[in-house]
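Okay, thanks for coming, everyone. Let me put the model up and then walk you through a few bits of it.

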Amino acid sequence: MKHKNIILFIIFSLYSINSAFVAENTKKLDKKHQLLAELKAEQSKKKNYFPFEKEAMKNPNICPVCGKSWDMVDGKNIHVNCLKKLLPPKIEIRCGSCGQYLSTRIKNITYKAELMDKDFCPHPHGPNRPVSNLVICPKCGYSDTIANHKKRLSMKQRAWVLNTLAPVTQREILRLLHLDIKKLNITEHNAYKIFIDPTVTGSQQKSGRELIIESEVPEFIRTVNALKFAEKFYPTNFPILARDSWYAAWAYRKIVVQPMTNSELMDSVNRIMDILEKKFPIPPDPEARVNELVVLYKDSTLYPLIDRQVMLILMSGDYLRLGFRSWAKDCLSSVVNTVKNDSAWAKLKAKIGDKKVKMQRAILRKNAKERMFAIDKEGVYLKKSAEYLRKALIVHIKTKKVFKIDEIPANVYLIGEFEKRLEHYGRAYFWLKAASKMQLPNKKSGAEIWAMGELDSIRSAVGNNPINPSSKTDNAILSTLAKMVHLSNQ
Ligand SMILES: [Zn+2]
Ligand SMILES: [Zn+2]
């Protein structure tokens, strides 16, 4: 165990220095990021709209209206009235495929004022909010924009949804329910029933009209199902396919950064949050937070074993937001290994008893495993998004009809950013460099500024000009696009 600690110490020392270096370099060039930070600081000075808004900004587990935790008490949601004040208005629509009544909210996906990752993934404070404007029917699995739900599907599309999407969706919901299924009398055919609104009563219920609370369906099911449908029915609409893959990657990243809400870990989580709060009166960006966590983690004598595992889980979320997926995974596998190692827990067992320790270990393992799985999935969808975007640009070169000219630099930047997050540094460098040179009149895109920051970050990790194995094909695409942008400037 001692030996393992030393290795980790060395690894994390390295990470910390590197990450700080990256942060420093990125910040210099990253004017947009700076603007966001200023805006954030400005906002925090303004008067609060809700009594506990300030507290909620520091701790996303707190309701801004009543100040209590978001956790359910005895399975009851105590924030029904708070949510009325917090959330956009409710609307009711019918599923465009099976006709199920769905209750949802207007999903206003604006990212401007929120902190974003370098691929624009928004991380607003407060309870988990959607990353997409998609609406899903958990009964049949059809997921699409409200406008498309209203258009209704064709018979052929409905048959495909019923035969292909519906069973997969029910199984996925069951998987999420884990062990609680037996109590709930739920099967592979009706798993969607857990989302039925229990308050629909009286005449409505008599007429057999179930209402599903759509917003309670996890975002990753919503985004993945939309992508599956698009891949089946619009296989050449590459911008839509890229968008849905991108949303899915975000949805999985959100799982990795989601707060730990298990009551067994709450003491540790609260202790660490308190320390971070004192250090950062305004919520820090992930660079700053992870560097602080590394410092805390390094002293193995200062914090109890469980606190340190919680730190690792928090660090993994920050690293993933920054695009360091291997480091994010290292943190989580370290948790899994520690959970496995009996001797590490001997002292704690003597102190608080076998039963409690067993439960805490199981919960830590579950948290770490779920997040590791989500990191892999995030990678799958980032890769898809990069491929679809590349195809969209190739079609654009032939037809000139896919994008407006001022959308090109941002899309070139995004491919570079996705490749960077996939740790394909050679390819990422190639695309980011191209994006950094694609300036629009009046610097309209801003992508070139972000691209320069990300290039610096790659340089600090792997040096100048890493080799791109696909440089030949990439070069052909990029030189044509650069010409298009350049010509539009004249
Ligand atoms: Zn509340
Ligand atoms: Zn449906």
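**Helices first, then the sheet**

So, lysine 358 sits in helix H16, residues 354-399; helices here are DSSP runs of H or I, at least four residues, strands are runs of E, at least two, and both are numbered from the N terminus. Quick housekeeping: this is a predicted model, where local features need pLDDT of at least 70 and side-chain atom pairs count only at pLDDT 80 or more, while totals for chains, interfaces and linings use all residues. Residues are numbered from 1 along each chain as its sequence is written, and chains are lettered from A and ligands numbered from 1 in the order in which they are written.

Back to lysine 358: buried or exposed? Exposed, because 12 other C-beta atoms lie within 10 Å; the cut-offs are 20 or more for buried, 12 or fewer for exposed, and partly exposed in between, with C-beta atoms placed from the backbone. Its C-alpha is 9.4 Å from that of tryptophan 345, 13 residues away along the chain.

Helix H15, residues 342-352, is hardly covered: of its 11 residues, the buried count is 0. Just after H15 comes glycine 353, with a positive phi of about 100 degrees.

Next, a helix pair. The axes of H17 (residues 408-421) and H19 (residues 447-462) come within 10 Å and cross at roughly 20 degrees. Axes are lines fitted to C-alpha atoms, for helices over the stretch in contact, with angles from 0 to 180 degrees between N-to-C directions. That makes H17 roughly parallel to H19 (under 35 degrees is roughly parallel, over 145 roughly antiparallel, 65 to 115 roughly perpendicular, the rest oblique). On the H17 side, the contact includes Pro409, Tyr413 and Lys420, and on the H19 side Trp450, Glu454 and Ile458 are among the residues involved; contact here means C-beta atoms, placed from the backbone, within 7 Å.

Now the sheet. Which order do the strands take? It's S1-S2-S5, 3 strands in an open sheet with mixed pairing; strands pair if DSSP finds at least two bridges between them. S1 (90-94) and S5 (211-213) are the edge strands, each pairing on one side only. S1 and S2 are antiparallel, with 5 bridges, and arginine 94 stands opposite tyrosine 101 in S2. These two strands form a hairpin with 6 residues between them, and glycine 99 in the turn has a positive phi of about 85 degrees. S2 (residues 101-105) runs parallel to S5, joined by 3 bridges, and leucine 102 has isoleucine 212 in S5 as its bridge partner.

That's my tour, happy to discuss.

Notes. Two residues are in contact if their C-beta atoms, placed from the backbone, lie within 7 Å.
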